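Please open the model in your viewer and keep the selection tool at hand. The tour goes from one selection to the next.

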Amino acid sequence: MVEIQALPETSIFGQIAEHQHEQVVYCHDHETGLRAIIGIHNTVLGPALGGTRMWHYASDAEALNDVLRLSRGMTYKAAISGLNLGGGKAVIIGDAKTQKNEALLRKFGRFVQNLNGKYITAEDVNMTTKDMEYIRMETKHVAGLPESMGGSGDPSPVTAYGTYMGMKAAAKKAFGSDSLAGKRIAVQGVGHVGTYLLEYLVKEGAEIVLTDYYTERAEEAAARFGAKAVGLDAIYDQEVDIYSPCALGATLNDDTLSRLKCQVVAGCANNQLKDEHVHGPALVQKGIIYAPDFLINAGGLINVYSEVVGTSRQGALTQTEKIYDYTLQVLNKAELEGMHPQQAATQIAKERIAAIGKVKSTY
């Protein structure tokens, strides 16, 4: 008998095995300069649907780590939202401002097409509905298309709406009321989703302090919404009621947690906890209520799912509004059973996957 040895987490297959991914696809094309990774985590509930982001990663290893964490999060996001979808994600390595073009996106579409529907892509960081049009020229397995093409349009407003609902639910748990009027909120990242979230918060009367990777974007948002803009690192030192991470992941880590001065964390970024087994409990110890990221930022996925199954935008908004109730259920479960909220949400998602897996055990 051949002895099967545990793979070190530092190896490629070790990382894949750690989170039990089904498939990871490396995409390379010399002519267009495309370098991309598609991660397919789990397809028990249905085809893996998740956006493609383009980012100038410091290394290929960093890109792999990102796509593995993101695709796993999509599995749980779909499961806890009651969608018949699996979890997948893709990253294109490069500077979106200088390297993104039609040829590169269409070549990426060819790689998506070769997966024969196992993975469906959509927008994510630094991608637009126009980019989806280019990808659609090479594959039918794409969502988030413009409404003029029969698609569901930009998912960002719906993602923001779901985050807003989750934030209000967390506020209800922390403060006894879900009103955000007068609450001081630190928003980290004011891209597409972050800007739509600001609209909801300002409309309700919240006081905003914000930051962004692009300084000019932060200053423009501050001027538009009557907010205060601060530096990227300074956002963690603000005296606020709510910290809302809306950029890239892992901002809740050993370096930042000790600096946070808030009672609630609720944002639309993916993978906010650098290590959920360490930083999830750490938030509980600090008395901070955490609204699980893959639960409250599920609005965008719900929106593109409506496109895949042919339901209306209003139906997607109605489903997204339920994130308020789901968030309260998770927070109550976590408190009752002595676990941190991310753990509670993950448990609910895994239980649904296991249950539906039994349904699909016969052809």
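Which residues do ring pairs link into a cluster? Select Trp55, Tyr213 and Tyr214, since these are the residues that ring pairs link into a cluster, and keep in mind while looking at them that this is a predicted model.

Now show the whole protein chain, in which there are 15 helices and twelve strands, and whose C-alpha trace spans about 55 × 50 × 40 Å along its principal axes. The radius of gyration is 20 Å, which agrees with the value near 21 Å that a compact globule of 363 residues would have. Of these 363 residues, 56% count as buried, and among contacts between residues at least 6 apart in sequence, 66% join residues at least 24 apart.

Next come the aromatic rings, of which the structure holds six pairs. Select Tyr76 and Phe294, which form a tilted pair with 5.8 Å from centre to centre and 55° between the planes. Tyr76 lies in helix 2 (residues 60–80) and Phe294 in helix 11 (residues 293–296), so the pair ties together parts that are 218 residues apart in sequence. Both Tyr76 and Phe294 are buried.

Return to Tyr213 and Tyr214, whose ring centres are 5.0 Å apart and whose planes stand at 90°, so this pair is edge-to-face. Tyr213 is exposed, with a relative accessible area of 55%.

Finally, turn to the surface and select Ile12, Phe13 and Tyr26, which form a nonpolar patch with about 340 Å² of accessible area together.

Terms used
Residues are numbered from 1 along each chain as its sequence is written. This is a predicted model: local features need pLDDT of at least 70, side-chain atom pairs count only at pLDDT 80 or more; totals for chains, interfaces and linings use all residues. Side-chain values use heavy atoms; hydrogens and water are left out. Patches are made of residues with over 30% relative accessible area and no salt bridge: like charges are joined within 9 Å, nonpolar side chains (Val, Leu, Ile, Met, Phe, Trp, Tyr) within 5 Å. Accessible areas come from the Shrake-Rupley method with a 1.4 Å probe; for residues, only the protein chains shown count as cover. A salt bridge is a side-chain nitrogen of Lys or Arg within 4 Å of a carboxyl oxygen of Asp or Glu. Helices (H or I, at least four residues) and strands (E, at least two) are DSSP runs, numbered from the N terminus. The radius of gyration is taken over C-alpha atoms; the globule rule is 2.2 Å times the number of residues to the power 0.38. Buried means under 20% relative accessible area, exposed over 50%, partly exposed in between (1.4 Å probe, protein chains only). Contact means heavy atoms within 4.5 Å. Rings of Phe, Tyr and Trp (its six-membered ring) pair if their centres lie within 6.5 Å; planes under 30 degrees apart count as stacked, over 60 as edge-to-face and the rest as tilted.
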